[in-house]
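User: I would like to go through the pockets of this protein, and a few backbone details, one question at a time.

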Amino acid sequence: MDFSFTPEQEMLRDTVTEFLAARYQLESSRAAARVKGGWQPDIWQALAAELGILGASLPEEVGGIGGGPVETMIIAEALGGALVVEPFVDTVVVGGGLLRRAGGARAEELLTGITGGEVITAFAALEPQSGYDYTNVDTTARREGSDWVLDGVKTVVTSAPLATHLLVTARLEAGEIALFLVDFEAGNPPAGLTVQAYRTIDERRAADLTFDGVRLPAEALLLADAHEAVAATLDEAIAAICAEAVGGMRKVLADTVEYTKQRQQFGVPIASFQALQHRMVDMLLELEQAVAATYLVTLKLEAAPADRAKAASAAKATIARAARRIGQEGVQLHGAMGMTEELAIGHFFKRLTAIQYEFGTADQHIARYAALTRP
C-alpha cells in the first residue's frame, strides 16, 4: 500500500508544524496551563482563522474544508509534537463527530461555531462506577412536561472548564443511552449543575459534574439512541490521540538522541555506549509500530463497525505500550534532568502517561479486540 501523503496533505503538515514552531513555545504554554485558565485563547483563534484547521475534517456546509481522517491524523500528530493543550480532540474530533452524526439545524450551527473557533465542546460520559466503559451510564433523563430533567454524576470531563457547550450521555426511561446538549459556561452553569474543576496530571483542565434536577428544553435531545454514534466518534478520537502520541514520541526520541550526544561520561558522549544505543533502537522500534498502528486505524475509520473497532483497539493497545516504553526510557536516559521542569521531556512523559488511559486502557482494548475476533 502507498502510505505517502498527497501534496495538499504535506502542505497541511508543514504549515501546522511551522506555525507551532514559531508561535507555540513550551514556557508560555505551560504558564497558560497553570495560571491563565488552562489554555491560550489567542492560539485557538489563530488555529481557526489563520490556519483553518479547526474545520479541516468538517463539512464545507459548516465552513470546513471537507477533509477526512488522514487530515485529522496529520494535524493531531503536529499538535502532539508541540505538546498543545488546547482542546482540539475534545472539540473538533469528539464534539464535531457527535454533532455531525446528530444532524439538524442546531448541530449545524454549533459545527459552524467550532470551525470559527467560537464553540468549544466537552463530552460528559464517564461516571464514578463506569471506569472507562462509556456504555455504563447511570445518569438519567426523564420528561417533565415538554422539558427534560437530568440527574447523575459525570467524572473527568476533559475541557469542561473551557467549554461553551456540553454533550452529555444519559439513560432514558426505556433504557436507551441518549445524547443531550447543554449550553454551558463554566462560570455560569445552568441551575442544578455543580462543577468541580481541576488540573490533570498532564496539565490540562477537567471537571467533575453533578446534575441535580438540571432542566433542559425539548430540543436539547440530540439523539435518542446514541450508542453507535458514540462508539464511532470515540474510535475516531482514539485514532486522533494515537496520532498525537506519535507526535509526542517522535519528539521524546529526538530529544533523547540529541541529549545523549551532548552528555559526556568518562570523557566521551554517552551516545557512544552500546548499551544505550540498544535502548534507543528499542525506542525507535516501538515508535515505528505505533506509527503503523495509527495508520491502520486511520484508514479503517470508514470501514464496517466491527473492523473499525478492532483497528481502534489494536492501535490503542499498541500506543499504550509504546508510550510507556518511550516515555520511561526517555526520562531515564536523561537522568535526573528528565524530571526537571526546564526540559520538555518531563512534560511529554506526563502527557504520554495520560494518553495510556484516555478513551480506555490497554487491558480494556485488548479485551474488546479479543471479543470482536472470537468465533
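Analyst: A pocket here is an open set of grid points with protein on both sides within 12 Å along at least five of seven lines, and a volume is the space filled by probe spheres set on the points. The model is predicted.

User: How much space lies in the second largest pocket?
Analyst: The volume is the space filled by probe spheres set on the points. For the second largest pocket, this space comes to about 440 Å³.

User: Which element gives the most residues to the lining of the second largest pocket?
Analyst: The second largest pocket is lined by 23 residues, with Tyr-134, Thr-135, Ala-231, Leu-234 and Arg-368 nearest its centre. Two or more residues come from each of α7 (227–262), α9 (305–334) and α11 (362–373). With seven residues, the element that gives the most is α7.

User: From which domains does the lining of the second largest pocket draw at least three residues each?
Analyst: By class, this lining divides into twelve nonpolar, six polar and five charged residues. The domains that each supply at least three residues are domain 2 (122–224) and domain 3 (227–373).

User: Which residues are closest to the centre of the largest pocket?
Analyst: The largest pocket holds about 700 Å³ of space. Of the 37 residues in its lining, the closest to the centre are Asp-90, Val-156, Thr-158, Arg-351 and Glu-358.

User: How many residues in the lining of the largest pocket are nonpolar?
Analyst: Elements that each supply at least two residues of this lining are α4 (69–81), α5 (88–102), β3 (147–158) and α10 (344–355). By class, the lining has eight charged residues, eight polar ones and, as nonpolar, 21.

User: Is Val-156 buried, partly exposed or exposed?
Analyst: Val-156 has its place in strand β3, and its phi is near 45°, a positive value in a residue other than glycine. Buried means under 20% relative accessible area and exposed means over 50%. Because its relative accessible area is 43%, Val-156 is partly exposed.

User: Is Ser-159 buried or exposed?
Analyst: Ser-159 is found in the loop between β3 and β4 (165–171). Although Ser-159 is not a glycine, its phi is positive, at about 70°. The cut-off for buried is under 20% relative accessible area. Ser-159 has a relative accessibility of 6%, so it counts as buried.

Methods:
Residues numbered from 1 in each chain as written. Predicted model: local features only at pLDDT ≥ 70, side-chain atom pairs only at ≥ 80, totals over all residues. Heavy atoms only, no water. 1 Å grid on protein atoms, 1.4 Å probe; cavity = no way out; pocket = protein on both sides within 12 Å on 5 of 7 lines; lining within 4 Å. Helix = DSSP H or I, 4+ residues; strand = E, 2+ residues; numbered from the N terminus. Nonpolar A, V, L, I, M, F, W, Y, C, P; charged D, E, K, R; others polar. Domains from an automatic or database assignment. Buried < 20%, exposed > 50% of the residue type's maximum accessible area, 1.4 Å probe, protein only.
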